[in-house]
Every structure is written in C-alpha cells, then in structure tokens.
Amino acid sequence: MNFSLTSLIVDAADLESESSFWHRLLGGAITRTATHHFLHIDGFPVIVIQHAPGHVPPRWPDGTSQQMHFDLATDDVGTADERVLDAGGRRLRPADDVAASARQGSRVYASPAGHPFCLRPA
C-alpha cells in the first residue's frame, strides 16, 4: 500500500487574507469556492485554505503557535524577510532575535491566520 500527498490543508477564519498571503509568496493561481481557496502551483493544488470561522491556532506556554509548519527555501533570506512582512506575515521571534536566527540558518514567521513557517537558505 502506498500513499501520496495531494495537498496541505490549512484552516483560516479569513480565506482571502490567508490565500492571498501564500499566493504572494509562492505564486501560482487561486481557485475560490465559498468554503475553500485552492492555491495551484504547476497545476497542482499545493495549499488548500479551508474556511474555519472560529479558527484560533493553539498556543504554547510561551505564546507561540505550532501544529505543523511549512519550510520555504530561498536564495536570499533578507529579501525574503521583507517580502513575507510586506505580504502580511509576521515574525514569531522578537526583532532582536532575528540576527541570531539568521546565523542559525532559519527565520520563523506566521501567516495571517497564525500558521507557522520557516525561511531557510536554499
């Protein structure tokens, strides 16, 4: 028996904000229904944003959110950092910890709905 990954489903109270964020970062095309937005990359629905009106990501004791997360590789973490923030993402570490994160090779962010992800050097 084999499995294949068809897509990653993320919950969001605001479909447009969440799907627009991932579209601005990853490109592709969005197909919209009343309850789901499908982000297609190379014709494949990579991320499906599912409407969840009461969605609030669970919190760890330190206030951060973690369920599972995306890792995105980039050849320019500094420019990617600006793009994430311009697209509506936010850093999950304090600004004074960003330099330390960069030295370790990754930076941690959240999408508008609070889903965590990392930027890592390609």
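This is a guided tour of the structure shown above, which is a predicted model.

Begin by selecting strands S1, S2, S3 and S4. These four strands form an open sheet with mixed pairing, in the order S1-S4-S3-S2. The edge strands are S1 and S2 (29-32), and each of them pairs on one side only. From one strand to the next, the twist averages 25°.

To see an example, select Ile30, whose bridge partner in S3 is Leu39.

Now display helix H1. This helix lies across S1, S2, S3 and S4, and runs at about 5° to S3.

**Second stop: another sheet**

Next, select S5, S6, S7 and S8. These four strands also form an open sheet with mixed pairing, and the order here is S5-S8-S7-S6. Strands S5 and S6 stand at the edges with a single partner strand each, so one side of each has no neighbour in the sheet. H1 packs on this sheet too, touching S5 and S8, and its direction makes about 30° with that of S5.

S5 and S8 run parallel and are joined by five bridges.

Select Thr74, which is found in S5. Is this residue buried or exposed? Residues under 20% relative accessible area are classed as buried. Thr74 has 14% relative accessibility, so it counts as buried. Leaving aside neighbours within four places in sequence, Thr74 is in contact with Ala80, Arg120, Pro121 and Ala122. A polar atom of the Thr74 side chain also lies 3.2 Å from the backbone nitrogen of Asp76.

From Asp76, move on to the start of H2. There, a side-chain oxygen of Asp76 reaches to within 3.3 Å of the backbone nitrogen of Gly78. The helix lies across S5, S6, S7 and S8, running at about 155° to S8.

Which residues of H2 are buried? They are Val77, Ala80, Asp81, Val84 and Ala87. Viewed down the axis of H2, these buried residues fall within an arc of 135°, so they line one face of the helix. An α-helix has 3.6 residues a turn, so residues three or four places apart point the same way. On the other side of H2, select Glu82 and Asp86, which are exposed.

To see what covers the buried residues of H2, display H1, S5, S6 (90-91), S7 (107-110) and S8, which are included in that cover. After H2 comes Gly88, whose phi is positive, near 115°.

**Last stop: the nonpolar core**

Finally, select Phe21, Trp22, Leu25, Ile47, Val84 and Phe117. They are the residues with the most contacts inside the largest nonpolar core, which has 19 residues. The elements giving two or more residues to this core are S1 (8-12), H1 (15-26), S4 (44-51), S5 (70-74), H2 (77-87) and S8 (116-121). H1 supplies the largest share, four residues. In soluble globular proteins, nonpolar side chains tend to be buried together.

End the tour at Phe117. Not counting residues up to four places away in sequence, the residues that Phe117 touches include Phe21, Trp22, Leu25 and Val84. Among its other contacts are His69, Arg107 and Tyr109.

Technical notes:
Residues are numbered from 1 along each chain as its sequence is written. This is a predicted model: local features need pLDDT of at least 70, side-chain atom pairs count only at pLDDT 80 or more; totals for chains, interfaces and linings use all residues. Side-chain values use heavy atoms; hydrogens and water are left out. A nonpolar core is a set of buried Ala, Val, Leu, Ile, Met, Phe, Trp, Tyr and Cys residues joined through side-chain atoms within 4.5 Å. Buried means under 20% relative accessible area, exposed over 50%, partly exposed in between (1.4 Å probe, protein chains only). Contact means heavy atoms within 4.5 Å. The arc is that of the directions from the helix axis to the C-beta atoms. A polar contact is a pair of N or O atoms within 3.5 Å; within protein, one must be able to donate a hydrogen and the other to accept it, and residues adjacent in sequence count only if both atoms are side-chain atoms. Two strands pair if DSSP finds at least two bridges between them. Axes are lines fitted to C-alpha atoms, for helices over the stretch in contact, and angles run from 0 to 180 degrees between N-to-C directions.
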